[in-house]
Amino acid sequence: MGSVAIIDDLRPMSKRILSLIALVLALVAGPAGASNLQVPADAPQLAHFGAAALLVIHIGGGAIGIVTGAVVFALRKGGALHRRLGQAFLAGMLPCYLVGAGVAPFLYEGQRVNVTAGILALYLVTTGWATARRRDFVAGGWEVAGLIYALTVVGLGLSFMTMARANGT
């Protein structure tokens, strides 16, 4: 039995420890800040709370995604732990990308590319999840529409980068 098979057959206590590590990393991300997502000092408390909550969701979800994504690479594909960590990856990265793509258009400078990257990342995460759930592995209409969508997003991203270079932003 190789080391990959041993990791896939972790004891329940080890699984709890991995889950606890991911949770701690997500909570530690709470105090993180960003130079662009700032609320004026005289803004209502609710606005400050909302900005902080968006940062916690974005950074915490990303931390969960990084940890679970790194661990999943060491596991046997298709195993029970691989599937559970894949679900945790989706649960972390989906809100991370939603917040990132949703907030970026309202930030002050040079965020057009981040909007495009966030939308493309959302596409990759959701289609990856849908692919993992499929059993027939046949591309249909939704897959073709998704590919057209992804190529459109990439095209828009390239045009945004060209416009940014022309404007100096």
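**Note on a predicted all-helix model**

1. Helices here are DSSP runs (H or I, at least four residues; strands are E, at least two), numbered from the N terminus.

2. This is a predicted model, in which local features need pLDDT of at least 70 and side-chain atom pairs count only at pLDDT 80 or more, while totals for chains, interfaces and linings use all residues. Residues are numbered from 1 along each chain as its sequence is written, and side-chain values use heavy atoms, with hydrogens and water left out.

3. The protein chain contains six helices and zero strands, in the order α-α-α-α-α-α. Of its 169 residues, 26% are buried (under 20% relative accessible area; exposed is over 50%, partly exposed in between; 1.4 Å probe, protein chains only).

4. Back to H3: its buried residues include Ala51, Leu55, Gly65 and Val72. Thr68 also belongs to this helix and is buried because its relative accessible area is 4%. Leaving aside residues up to four places away in sequence, Thr68 touches Leu85, Ala88 and Phe89 (contact means heavy atoms within 4.5 Å).

5. Across the protein chain, 69% of the contacts with a separation of 6 or more join residues 24 or more positions apart.

6. Where does the lining of the largest pocket come from? Helix H3 (45–72), helix H4 (80–103) and helix H5 (112–133) each supply at least two of its residues. A pocket is an open set of points on a 1 Å grid over the protein atoms alone, where a 1.4 Å probe fits, with protein on both sides within 12 Å along at least five of seven lines; lining residues have an atom within 4 Å of a point.

7. The largest pocket has a volume of about 680 Å³ (the space filled by probe spheres set on the points, which are joined across faces, edges and corners). Its lining has 18 residues, with His82, Gly86, Gly128, Trp129 and Ala132 nearest the centre. By class, eight are nonpolar, six polar and four charged (Ala, Val, Leu, Ile, Met, Phe, Trp, Tyr, Cys and Pro count as nonpolar, Asp, Glu, Lys and Arg as charged, the others, Gly among them, as polar).
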